Amino acid sequence: MAAEEAVLELTGEVEAEVIVETKGAVGIISLNRPKAINSLTLPMVRGLFQALQRFEDDPAISCVVLRGEGERGLCAGGDVRIIHDLGRAGDPKVLDFWREEFPLNYRIAHFGKPYAALMDGIVMGGGVGIAAHGSHRIVTERTRLAMPETGIGYFPDVGGSWLLPRAPGECGTWLGLTGNAVTAADAIYAGFADDCVPSGCLDALVQALSQATDIETVEAAIASCATDDDSGDCEGEGVLAANRDIIDATFRFDTVEEIVAALSARDDAFSRETLEVLRKRSPTSLKLTLKLLRLGRESASLIECLEREFAAGTEILRQHDFYEGVRAALVDKDRNPRWQPARLEDVSEEDLAPYLAAHSGTLFPEHRL
């Protein structure tokens, strides 16, 4: 069975959620749920994995391109509404998505050929996972990147606890806790992207990549289409660089309470706006996220972080805030989640302990820590 047919069979839909094709020497993987901003489903994860295997095994393919169909973005993340519904129903398959998505993130991080992710438009959550682990991350003037999970009672996963701590200073801590969306310039500054290409030139970039035969010609093709940061296509200086001193001064602490206190002690617009955002997030998610980011900073591998995130996600499904966050954002859409506990001071170390339980070897038994 051809990869395209396999993907179609997995979706069970008339139109494939993942389109796999070749153009010269480039293998193209297109996410095809434009009405859902290409939010990932389990069949899509499987289709991506199959396509990567096909292209890695094909000697005629020198590079893989990931792109999203539609005008709104590459990928808005995993389809958490499905996870919400399965979890509410007590369906044992609820963990299958993460069980296969996280190894896909690792597969992308260690893919044997250039992997160019076209991060045009919205790139959030799981979309970051299938893009930012790649070898060549391309943003555009339309890019809006975020790890917004604390707003739905969850935490940055898909290797977020590996990527975020490796951003300059405390920029990753700010990104992970606030969940705020940032621009192309910010994505490059934080280490989530490499080059900026105008959105109108992406088709030309794919055409150039179709003629590439090795890593040198792949990079030359990207360089031929990329712009300088000061051209306007990456919107100049981003919020991270502009506010780096404030971010480092206020987010350097190891408790959320200290971060909030540091922000509260300042009298500038950025600190006030950041504080307002944090007060809307799940207190449990904030504390869990900070723990995971600090553990990720000391971790030796992406696998270690993915295993830890899977354990935390398993516990998330046993608790209140994820279901409440998805309800408020996607089900009732009242944008008024009622977190439990509702205050930071009511989330204890004992409350966090189950999320951080032993995790080694769950997803990657061959790499048992």
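**Pockets and salt bridges: worked exercises**

The largest pocket in this predicted model has 40 lining residues, with Pro 148, Ile 152, Ala 329, Leu 330 and Arg 335 lying nearest its centre.

**Exercise 1.** Work out which helix gives the most to the lining of the largest pocket.

*Solution.* Start with the space itself: the largest pocket holds about 1,000 Å³. Next, list the elements that each supply at least two lining residues: helix H3 (80–88), helix H4 (96–109), strand E6 (122–124) and helix H17 (321–331). Now pick the top contributor: H17, with five residues. To finish, sort the lining by class, and you get 19 nonpolar, nine polar and 12 charged residues.

**Exercise 2.** Find the salt-bridge partner of Arg 137 and say where each side chain sits.

*Solution.* Then place them: Arg 137 is in strand E7 (residues 136–139), while Asp 194 is in the loop between helix H8 (184–189) and strand E9 (195–196), so the pair links parts of the chain 57 residues apart. Last, check accessibility. Arg 137 counts as buried because its relative accessible area, 9%, falls under 20%. Asp 194, at 32%, is partly exposed.

**Exercise 3.** Decide whether Asp 96 is buried or partly exposed, and describe its salt bridge.

*Solution.* Asp 96 pairs with Arg 99, their closest N and O atoms being 3.0 Å apart. Both belong to helix H4, three residues apart, or about one turn. With 21% relative accessibility, Asp 96 is partly exposed, and Arg 99 is partly exposed too, at 38%.

Definitions and conventions: Residues numbered from 1 in each chain as written. Predicted model: local features only at pLDDT ≥ 70, side-chain atom pairs only at ≥ 80, totals over all residues. Heavy atoms only, no water. 1 Å grid on protein atoms, 1.4 Å probe; cavity = no way out; pocket = protein on both sides within 12 Å on 5 of 7 lines; lining within 4 Å. Points joined across faces, edges and corners; volume = space filled by probe spheres on them. Helix = DSSP H or I, 4+ residues; strand = E, 2+ residues; numbered from the N terminus. Nonpolar A, V, L, I, M, F, W, Y, C, P; charged D, E, K, R; others polar. Salt bridge = Lys/Arg side-chain N within 4 Å of Asp/Glu carboxyl O. Buried < 20%, exposed > 50% of the residue type's maximum accessible area, 1.4 Å probe, protein only.
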